[in-house]
Amino acid sequence: MAVQNDTQWISFAIFAVVMLGISLAFAVPTGVSASKRGMNALGWGALAFFTWLMGLLLFLLCKNPVIDDVVCVKCGNRIPKNHVYCPFCGYKE
Ligand SMILES: [Zn+2]
């Protein structure tokens, strides 16, 4: 009986580790991607962690474009890469 309990415990431990691994596999890329897009990395990561594919799909539907901006040499504000004029100070890149 004791041996069977041990086996059950190990099975449960493996199951828990696999579940955690899958959760992280969804949560980490979602969180990283969210932070690159200026979104709530922790919130989206947590959503994907608990809902797996649901959270990931929801994220893909709601995601903002990647923030690919540069820093204005004059005023230091972050401006979109393709901007000719800085929207903050009017400096021409
Ligand atoms: Zn500027």
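1. A quick definition before we start: a helix here is a DSSP run of H or I covering at least four residues, and helices are numbered from the N terminus. T30 is found in one of these, helix α1. Keep in mind throughout that this is a predicted model.

2. Let's stay with T30 for a moment. What does the side chain of T30 reach? The backbone oxygen of F26, at 2.6 Å.

3. Now look at I14, which also lies in helix α1, residues 2–36. Is I14 buried or exposed? I14 is exposed, because its relative accessibility comes to 51% and exposed means over 50%. I14 also belongs to a nonpolar surface patch, together with W9, I10, V18 and I22. Together these residues have about 500 Å² of accessible area.

4. On to the zinc ion. Which residues are its protein donors? They are C72, C75, C86 and C89, each through its SG atom, at 2.2 to 2.3 Å from the metal. Along the sequence, the donor residues follow the spacing C-x2-C-x10-C-x2-C. Two of them, C75 and C86, link distant parts of the chain, 11 residues apart: C75 sits in the loop between β1 (69–71) and β2 (78–80), and C86 in the segment after β2.

5. Why call the zinc site tetrahedral? Because the 4 donor atoms subtend angles of 106 to 114° around the ion. For comparison, the ideal angle for four tetrahedral donors is 109.5 degrees.

6. C86 counts as buried because its relative accessibility is 3%, whereas C75 is partly exposed, with a relative accessible area of 33%.

How values were computed. Residues are numbered from 1 along each chain as its sequence is written. This is a predicted model: local features need pLDDT of at least 70, side-chain atom pairs count only at pLDDT 80 or more; totals for chains, interfaces and linings use all residues. Side-chain values use heavy atoms; hydrogens and water are left out. Donors are N, O and S atoms within 2.8 Å of the metal (3.2 Å for Na, K and Ca); water is not among the atoms, so sites may look incomplete. Four donors count as tetrahedral if all angles lie between 85 and 135 degrees; four count as square planar and six as octahedral if opposite donors are over 155 degrees apart and all others between 65 and 115; anything else is irregular. Helices (H or I, at least four residues) and strands (E, at least two) are DSSP runs, numbered from the N terminus. Buried means under 20% relative accessible area, exposed over 50%, partly exposed in between (1.4 Å probe, protein chains only). Patches are made of residues with over 30% relative accessible area and no salt bridge: like charges are joined within 9 Å, nonpolar side chains (Val, Leu, Ile, Met, Phe, Trp, Tyr) within 5 Å. Accessible areas come from the Shrake-Rupley method with a 1.4 Å probe; for residues, only the protein chains shown count as cover. A salt bridge is a side-chain nitrogen of Lys or Arg within 4 Å of a carboxyl oxygen of Asp or Glu. A polar contact is a pair of N or O atoms within 3.5 Å; within protein, one must be able to donate a hydrogen and the other to accept it, and residues adjacent in sequence count only if both atoms are side-chain atoms.
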